Amino acid sequence: MEADRWRVIDSGASAHFTGDSSLFTGPLSPTTFRIDGLSGNLTASGVGKGRVVIADVTCLLPRLYLVAGLATTLISMSELVENGCAISTQKVGGTHEMRITNPAGHIATIHPTSGMYQSPSTAHH
């Protein structure tokens with residue numbers, strides 16, 4: 001599958017969701033996890049470990065759901081924190097920014113676009 005275009009850091013997502021199977025780092029376990037939200041009613045077909053690159057910083061995702069047809073990867077803020085990342089948002093010099101620090105201490109800084117914190121897809125291998 002072609003890589004998705006965006007990764008959105010979602011404060012309301014209960015888990016990490018993607019339509020991009022290349023983000024997985026190992027085998028998937030079958031699941032029928034149902035997702036309700038703005039995308040309508042979708043069902044994940046698999047769950048496994050994955051990783052994403054956000055602003056040149058790799059974040060490991062121990063529980064990533066594969067959802068066929070999902071064009072945007074949703075990264076759950078609460079799951080990132082649960083997995084050892086620190087997240088802060090602040091206004092610096094009149095500009096909002098989010099900082100995500102992974103467990104290795106690497107810091108990703110992203111700025112909102114149209115009110116959403118998102119990062120373009122980048123190479124992640």
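1. Ala-55 is partly exposed, with a relative accessible area of 30%. Partly exposed lies between buried (under 20% relative accessible area) and exposed (over 50%), using a 1.4 Å probe and protein chains only. Ala-55 is not a glycine, yet its phi is positive, at about 50°. The residue sits in the loop between strand 6 (46-54) and strand 7 (57-66).

2. Asp-56 is in the loop between strand 6 and strand 7. Its phi is also positive, near 70°, in a residue other than glycine. Asp-56 is exposed, with a relative accessible area of 71%.

3. A note on the source. This is a predicted model: local features need pLDDT of at least 70, side-chain atom pairs count only at pLDDT 80 or more, and totals for chains, interfaces and linings use all residues. Residues are numbered from 1 along each chain as its sequence is written, and side-chain values use heavy atoms, with hydrogens and water left out.

4. The chain holds one helix and 13 strands. Their order from the N terminus is β-β-β-β-β-β-β-β-α-β-β-β-β-β. Helices (H or I, at least four residues) and strands (E, at least two) are DSSP runs, numbered from the N terminus.

5. The largest nonpolar core has 18 residues. Such a core is a set of buried Ala, Val, Leu, Ile, Met, Phe, Trp, Tyr and Cys residues joined through side-chain atoms within 4.5 Å. Those with the most contacts inside it are Ile-9, Val-52, Ile-54, Cys-59, Leu-80 and Ile-100. Strand 6, strand 7, strand 10 (95-101) and strand 11 (107-110) each give two or more residues to this core. Strand 7 gives the most, with five residues.

6. What does Cys-59 touch, leaving aside its neighbours within four places in sequence? Cys-59 is in contact with Gly-50, Arg-51, Val-52, Ile-54, Leu-80, Cys-85 and Ile-100. Contact means heavy atoms within 4.5 Å.

7. A second core is separate and has eight residues. Among them are Ile-35, Ala-44, Val-47 and Val-67.

8. Chain totals follow. Of the 125 residues, 37% count as buried. Among contacts between residues at least 6 apart in sequence, 52% join residues at least 24 apart. The chain exposes about 6800 Å², and carbon and sulfur atoms supply 54% of it. Accessible areas come from the Shrake-Rupley method with a 1.4 Å probe; for residues, only the protein chains shown count as cover.
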